[in-house]
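Here is a short tour to read alongside the sequence and the 3D view.

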Amino acid sequence: MARSMGLYPGCVTSTEQYNYEMSIREVLPELGIELVDVENTSCCGSPFKSINLLMQTYLSARNIAIFEMQGLDMYTPCPQCHLSLVETKNRMNESSDLREKVNSLLMEEEGLKYKGNVNIYHTLNLLHDIVGLDMISEKVKRPLGMNIACHEGCQTVRYTEAGRPDRSEHPEKMERIIRTLGGTASYYSDELNCCGAPLMVTHKESAITKAGEKLKAVKDRGFEAMAIVCPFGGRVLDSKQDRASETIGEKIGLPVFYLTQLIGISMGKDPTSLGLNLNRSPVGRLLK
Amino acid sequence: MTEDLSITDLFSMSKPVKTDTRSLEKQLRILGIGSPDLCFQCSKCTSGCEAMKLLELEPHSVMASVKSGFVQEMVNSDVLWSCIGCYKCKERCPQNVSPVEIMYVLKNWYVASGKPIPGDYQMMLQNMMTKGFIQENKEILDDEGISKDRGALCLPDIGGPQDMNKFSLIISRIAVEKLESD
């Protein structure tokens with residue numbers, strides 16, 4: 001039976017990482033997740049933690065309240081959004097002062113009320129824990145047959161106390177999914193290294209250099225491709241891979257896929273429907 | 001602690017600018033994190049810090065400064081803005097201190113003091129307050145060099161807040177407020 005889930009794409013996925021969103025919309029309904037679009041949403045506030053933590057908390061609580069009032073659980077493909085939403089939930093549950101303060105602002109704005117009863121999922125725990133490996137396995141028509149490096153992304157796995165989609169050291173859910181799709185995946189020593197993307201706000205060159213270092217580490221370990229579940233990762237590892245190559249003085253040429261694109265490929269979906277023509281890294285040569 | 005007994009930075013022989021740390025402690029309590037006083041300088045945070053190699057961020061040094069009362073000095077230090085927000089320092093701290101979140105709080109203080117916000121934050125704030133999101137929908141090129149936007153890719157419209165005026169009004173109000181009540 002299909003399970004309904006409110007889709008909260010977040011700023012980066014919905015304004016530029018269209019391939020992630022397209023593959024999600026193509027693949028998840030076939031895995032029994034009916035995606036519901038929700039109006040009136042806004043930024044989750046995560047980018048503004050450095051500016052004003054109350055602003056971050058307010059924005060996350062606002063979006064949770066909107067989903068809650070429609071009786072929907074939340075699914076966000078973005079680890080940053082996911083962390084901001086769950087940590088807001090935790091803070092609001094722990095501090096009645098904060099809950100009152102934020103709720104009075106929400107009520108004033110447009111009659112919203114935050115209760116904090118929604119479940120909040122990210123791509124990784126939605127696929128692994130809710131859809132399940134058996135269901136994914138049933139849909140595989142074209143086993144991947146590639147050696148893939150998993151890149152969970154910093155906030156997908158940290159910090160544990162907030163409740164994350166996978167564990168903080170040696171995460172394994174993504175590897176299990178890749179194996180279910182007929183690929184091979186194993187832990188590598190640079191797996192937890194950051195892609196650098198959040199530095200794009202203040203230190204662009206360093207951001208790209210970190211992306212270059214991460215890509216090189218993956219390539220040097222002999223992986224044929226990389227799988228990601230974070231739109232910030234996509235922004236530098238895929239979209240800016242050419243520039244990242246320049247920073248390390250070596251042509252990297254590593255295909256970078258969203259996990260949902262890989263699932264779609266293994267289901268035998270048309271590459272364009274998965275937005276594979278929008279990836280900037282050389283994904284084409286693995287699709288033959 | 002009297003003025004005479006306060007800690008002196010031996011390199012510059014300077015004394016910390018007097019900071020009321022009660023507000024810092026109050027904010028940290030709401031965030032559920034330990035006081036920097038608990039830091040015993042094991043440097044696990046710095047050994048895993050994603051910004052250490054390229055940008056010389058040393059979370060344990062920041063904690064040492066804050067602990068010694070050099071709070072205002074840290075608030076005004078550029079180095080805080082090189083934090084990536086990877087949360088390794090928080091995750092691995094044996095004392096439940098969270099350098100990443102302490103640095104968020106200090107950056108909040110810097111912004112609240114009215115000084116110019118670094119990098120693209122100003123632009124992101126402006127977009128958020130006018131559209132609801134940190135950036136406008138971008139047109140991107142496909143593998144044949146053809147420009148695509150949400151419409152061309154048959155993705156549904158994402159409208160943002162229905163009452164944009166009310167939304168931006170409340171955000172500007174929050175911009176001058178703090179997490180904790182006074």
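## A starting question

Is B:Ser113 buried or exposed? B:Ser113 has 10 other C-beta atoms within 10 Å, and a residue with 12 or fewer is called exposed, so B:Ser113 is exposed. Please keep in mind that this is a predicted model.

B:Ser113 sits in the loop that runs between α7 and α8 of chain B. Step along to B:Phe133, 20 residues apart from B:Ser113 along the chain, and the two C-alpha atoms are separated by 25 Å.

## The two domains of chain B

Chain B is divided into domain 1, covering 3–112, and domain 2, covering 121–174. The C-alpha centres of these two domains of chain B lie 34 Å apart.

## Where chain B meets chain A

How many residues of chain B are in contact with chain A? There are 57 of them, and they touch 50 residues of chain A. On the chain B side, the elements that give two or more residues are α3 (52–55), α6 (88–92), α7 (99–112), α8 (121–131) and α9 (164–174). Of these, α9(B) provides the largest share, with five residues. Sorted by class, the side of chain B that touches chain A has 29 nonpolar, 16 charged and twelve polar residues.

## Parallel strands in chain A

Now turn to chain A, where strand β1 (residues 3–7) runs parallel to strand β2 (residues 33–37), with five bridges joining them. To find this pairing on screen, look for A:Ser4, whose bridge partner in β2(A) is A:Glu34. β1(A) also pairs in the parallel sense with strand β3 (residues 74–76) of chain A, over two bridges. Here A:Gly6 stands opposite A:Met74 in β3(A).

Further along, β6(A) pairs with two strands. With strand β5 (residues 148–151) of chain A the sense is parallel and there are four bridges; A:His151 has A:Ile228 of β6(A) as its bridge partner. With β7(A) the sense is again parallel, over three bridges, and A:Met226 is partnered by A:Val256 in β7(A).

Which residues of helix α13 (residues 259–266) of chain A are buried? The helix is mostly covered, with eight of its eight residues buried: A:Leu259, A:Thr260, A:Gln261, A:Leu262, A:Ile263, A:Gly264, A:Ile265 and A:Ser266. They pack against several elements of chain A, including the helices α2 (18–27), α6 (123–131), α7 (133–139) and α9 (173–180) and the strands β6 (225–228) and β7 (256–258). After α13(A) comes A:Gly268, with a positive phi near 85°.

Helix α10 (residues 204–220) of chain A has 17 residues; at 1.5 Å a residue it should span 24 Å, and its end C-alpha atoms are 24 Å apart, so the two values agree. Among the buried residues of α10(A) are A:Ala207, A:Ile208, A:Ala211, A:Leu215 and A:Val218, and A:Lys210, A:Glu213 and A:Lys214 are on that list too. What covers the buried residues of α10(A) includes β5, β6, α11 (231–238) and α12 (241–248) of chain A, together with α3 of chain B. α10(A) is followed by A:Gly222, whose phi is positive, near 85°.

## Backbone details worth a look

Two residues of chain B have a positive phi without being glycine. One is B:Gln41, with phi near 60°, in the loop between α1 (22–30) and α2 (44–48) of chain B. B:Gln41 is exposed, as 12 other C-beta atoms lie within 10 Å. Another is B:Cys154, with phi of about 60°, in the loop between β2 (147–148) and α9 of chain B. B:Cys154 has 9 C-beta neighbours inside 10 Å, so it counts as exposed.

In chain A, a cis peptide bond joins A:Arg158 and A:Tyr159, with omega of about -5°. A:Tyr159 is found in the loop between α8 (154–157) and α9 of chain A.

How values were computed. Residues numbered from 1 in each chain as written. Chains lettered and ligands numbered in written order. Predicted model: local features only at pLDDT ≥ 70, side-chain atom pairs only at ≥ 80, totals over all residues. Domains from an automatic or database assignment. Buried ≥ 20, exposed ≤ 12 C-beta atoms within 10 Å, placed from the backbone. Contact = placed C-beta atoms within 7 Å. Nonpolar A, V, L, I, M, F, W, Y, C, P; charged D, E, K, R; others polar. Pairing = 2+ DSSP bridges. Expected span 1.5 Å × (residues − 1).
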